[in-house]
Amino acid sequence: MKAQFRKNRMITLLLTHDCNLRCRYCYVREYKSCSMSTETAKKVIAASFEEAKGFYDCLEFVFLGGEPLMLCRKVMEVAEWVWAQEWATPYLLSAVTNGTLLDEQNKEWFAKNKERFILCLSYDGTQSAQNINRSGSDSLIDIGFFIHNWPGQGLKMTISEESVPYLAESIIALQEKGVRANTSFAGGVPEWEPGSLDILRKQLDILADYYLEHAEATPSNLLSINLLPVLEDRKFMRAGCGLGESRITYDWDGQRYSCHLISPLVLSKEQIQKYGQIKEHGQIKGYEQVGTRCGEMNNHLCEECSLDGICPVCTGNSIRLFGKPDCREKSSCKTFKIQVMSACRYQLRAILKDPILNSSQIGSSEKYRIKAIKYIMESIS
Ligand code: SF4
Ligand code: SF4
């Protein structure tokens, strides 16, 4: 009976609120040189294993910041301590990094431990895109090191209004180096200008043409988005992100929060007093299904939108920006609609181009996909 509830839990350790970069879309509220002590890190990890017994199949510990590799020695010390213990629950160790602080000695350690410690690189594409978004840091990153050691890992790429002219070039260049970019749009930013939205449309079309000409390449997540849920009952689709339950965060001082976006890394003292108590099952007074409902500045927009079932809503981001858990940003709304329309055009062309899929033997799953595409194209203007 218990087995059906077993699952993974992600435990984020905010090692510091400091960073050596100042990315244009960064959510850190105030850069400061606080740092989690080795003792606190060990205590949090040991307590997490204790709490997991019988409830979770695997624990994923993620070192985050700010920039966690500002405390690289500490990361290594804690990791080596974890490996030296016996734990009852399987686990993974990883860190999300901007990749600019790795010296040769550090690289040697991470390369030696690559099977048991994953470094996830946040990197925004071509030299121009990276420099525009991430403090001119391109020359500080050894991209080959990440690709060589964690080839299947992919990179986390963020597109801003300023870097959107480089979107297709960035994704294609990385893909041709053998690495996949998990791409998303910067949040917490002003609405994009109409001209920038036009550029986004054109960039996605360039990307679509590339994948239609290179059938061997795995399409970007921007174009391969699963469209089928638009045909299903929305109420069944929204499961939430697991905040406070399958994902929790410990700040540098050992205080526990449901998500790093609902912690002092991002929120003010007043906001923390109001929302920091969201701990279990993501619940907050007055909102019984946090992370499962749609909203925007204008609720009707989302409730009537055919994309409600596939449009991402992040509770932490919503609280950070709107003080409510169920709102989507206006700027994301516009970029998401453009992304989905491009994905529809691309997926339809891919089906029609494929001699097998385009034969009279077209399968029921493809028919269903075409139905979803048609439904979206007719309903989104
Ligand atoms: S690397 Fe991360 S923490 Fe540092 S400025 Fe950029 S987004 Fe913020
Ligand atoms: S695309 Fe816009 S209107 Fe539609 S669900 Fe998303 S935020 Fe709401």
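**Notes on the ligand shells, the core and the confidence**

1. In the shell around ligand 2, the largest share comes from α12, which supplies 3 residues. This is a predicted model, and the points below should be read with that in mind.

2. The shell around ligand 2 has 12 residues, of which C302, C305, C311, R328 and C333 come nearest to the ligand. Two elements, α10 (299-303) and α12 (330-353), each give two or more residues to this shell. By class, the shell around ligand 2 comprises 8 nonpolar and 4 charged residues, with no polar ones.

3. Ligand 1 has around it C19, L21, R22, C23, C26 and V28, together with G65, G66, E67, N98 and R134. The shell around ligand 1 divides into 5 nonpolar, 3 polar and 3 charged residues.

4. The largest nonpolar core contains 80 residues, and those that touch the most other members are L13, V75, L223 and L227. Once neighbours within four places in sequence are set aside, L227 is in contact with I310, A343, C344, Q347, R369, A372, I373 and I376.

5. On confidence, the average pLDDT of the protein chain is 88, and 88% of the residues score at least 70. Over residues 285-297, however, the pLDDT is below 50, although the model gives this stretch 37 contacts beyond near neighbours in sequence. Residues 1-5 also stay under 50 in pLDDT, and for them the model has 1 contact beyond four places in sequence.

Terms used
Residues are numbered from 1 along each chain as its sequence is written. Chains are lettered from A and ligands numbered from 1 in the order in which they are written. This is a predicted model: local features need pLDDT of at least 70, side-chain atom pairs count only at pLDDT 80 or more; totals for chains, interfaces and linings use all residues. A residue is near a molecule or strand if its C-beta atom, placed from the backbone, lies within 6 Å of it. Ala, Val, Leu, Ile, Met, Phe, Trp, Tyr, Cys and Pro count as nonpolar, Asp, Glu, Lys and Arg as charged, and the others, Gly among them, as polar. pLDDT is the predictor's confidence in each residue, from 0 to 100. Two residues are in contact if their C-beta atoms, placed from the backbone, lie within 7 Å. Helices (H or I, at least four residues) and strands (E, at least two) are DSSP runs, numbered from the N terminus. A nonpolar core is a set of buried Ala, Val, Leu, Ile, Met, Phe, Trp, Tyr and Cys residues joined through C-beta atoms within 7 Å. A residue is buried if 20 or more other C-beta atoms lie within 10 Å of its own, exposed if 12 or fewer, and partly exposed in between; C-beta atoms are placed from the backbone.
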